[in-house]
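Dear colleague,

Here is the structure I said I would pass on. My notes on the rings, charges and metal site follow below it.

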Amino acid sequence: MEPLKFTVGIDIGGTNTKLGLVDSEGHLLRRVNFSTNPLLSFADYQILLTNALEEVTHDIPKEDLLGVGMGVPGANAKTGSIPEAANIPFLTEIPLQTVLVKLWNLPVFVAKDANAAALGEMLFGSAKGMDHFILLTLGTGLGSGVVINGKIVSGSNGLATEYGHSVLVKNGRSCNCGQRGCFETYVSATGLKRTAISLLANANQHSILRDLSPNQLDAQKIAEASENGDEIAKMAIKKTAQWLGLKMVDLVVLTDPEAIILAGGLSKIGDYFLQTVRESLDKKLLPMFKGKVKVVYSGLGSDDAAILGAASLIMNVKN
Ligand SMILES: [Zn+2]
């Protein structure tokens, strides 16, 4: 039997950076998290990242470490850089792959976070055995990875499927990318919070959410309030789910997927959200697609999916 080799998967999000040590059989052995402060400089972030890498690999001989795979929102796998990191400004235009290969003296592979997670789902999660599916990560922003014929769609410049920045509402909410009305400003953990705040401002009815400061209000609190019968919280979740269902129609008519898999913070808010997404999609689908597209939560748990997905970028390169 071949001795075990190891890979590090790193998921860089707008809120947290998560690293995990993964063995060649896809087991996540240990993990380290730290918060991604958007006000950091890249020089400072690089130090935090290097310390965390040392923490997860401290007892692994260098020759047994195959490399580091990273999932980053907005990353271009062809260049290993991030042309525009809307929610992580200090990464914009950084040639991340080149910088880190030099710094760590290890193979490093950088890809869009949702593409990495899609690969993780395909190798270890809900998309095992599927050749056509879509993964949406609903966290600080909305990431999308599209797999057709068993391959990630990357586009002519490596920039494909930035679906979170397609327009949902003309002249709508302002987005970190500089545009208005982007899909992710409505459908993401941040979008849900913005919807709840706007509903609270425009209604007088009682809500448990009024007792929370804007800093305390998050997707989890809104989900808990909804489960406890809070009408504003329930309405915020319902609207978010309906917007998502509506935008999924475009994905289905374009790619005819077997499944749409939801990962990230919003995939932890329970069955009411998922059920409403399914109903909203079903209502708008052409009859020929009805009943053919599964809408499911990630089979890996969203934290594991992102790390395993990032690690599988290296496994994929090596195999
Ligand atoms: Zn945008």
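**Aromatic pairs, charges over rings and the zinc site**

The structure holds 4 aromatic pairs (rings of Phe, Tyr and Trp, the last by its six-membered ring, with centres within 6.5 Å; planes under 30 degrees apart are stacked, over 60 edge-to-face, the rest tilted). This is a predicted model, in which local features need pLDDT of at least 70 and side-chain atom pairs count only at pLDDT 80 or more, while totals for chains, interfaces and linings use all residues. Residues are numbered from 1 along each chain as its sequence is written, and side-chain values use heavy atoms, with hydrogens and water left out.

One of the pairs is Y45 with F90, tilted, at 4.8 Å centre to centre and 45° between the planes. Y45 belongs to helix α1 (residues 42-57) and F90 to the loop between β4 (65-72) and α2 (96-104), so the pair links distant parts of the chain, 45 residues apart (helices, H or I of at least four residues, and strands, E of at least two, are DSSP runs numbered from the N terminus). Both Y45 and F90 are buried (under 20% relative accessible area with a 1.4 Å probe, protein chains only; exposed is over 50%, partly exposed in between). Together with F34, Y45 and F90 form one aromatic cluster.

Y186 and W243 form another pair, edge-to-face, with 5.0 Å between centres and 70° between the planes. Because Y186 lies in the loop between β8 (151-152) and α4 (189-201) and W243 in helix α6 (residues 231-255), this pair ties together parts 57 residues apart in sequence. Y186 counts as buried because its relative accessibility is 7%; W243, at 19%, counts as buried too.

Two lysines sit over rings (NZ of Lys or CZ of Arg within 6 Å of the ring centre and within 35 degrees of the ring normal). K234 lies over the face of Y272, 5.1 Å from the ring centre. The charged end of K247 is over the ring of F183, at 5.3 Å from its centre.

The zinc ion has H165 (ND1), C175 (SG), C177 (SG) and C182 (SG) as protein donors, 2.0 to 2.3 Å away (donors are N, O and S atoms within 2.8 Å of the metal, or 3.2 Å for Na, K and Ca; water is not among the atoms, so sites may look incomplete). The site is tetrahedral, with angles of 105 to 119° among its 4 donor atoms (four donors, all angles between 85 and 135 degrees). In sequence the donor residues are spaced H-x9-C-x1-C-x4-C. H165 and C175 are both buried.

Regards

Methods. Tetrahedral: all angles 85-135°; square planar, octahedral: opposite > 155°, others 65-115°.
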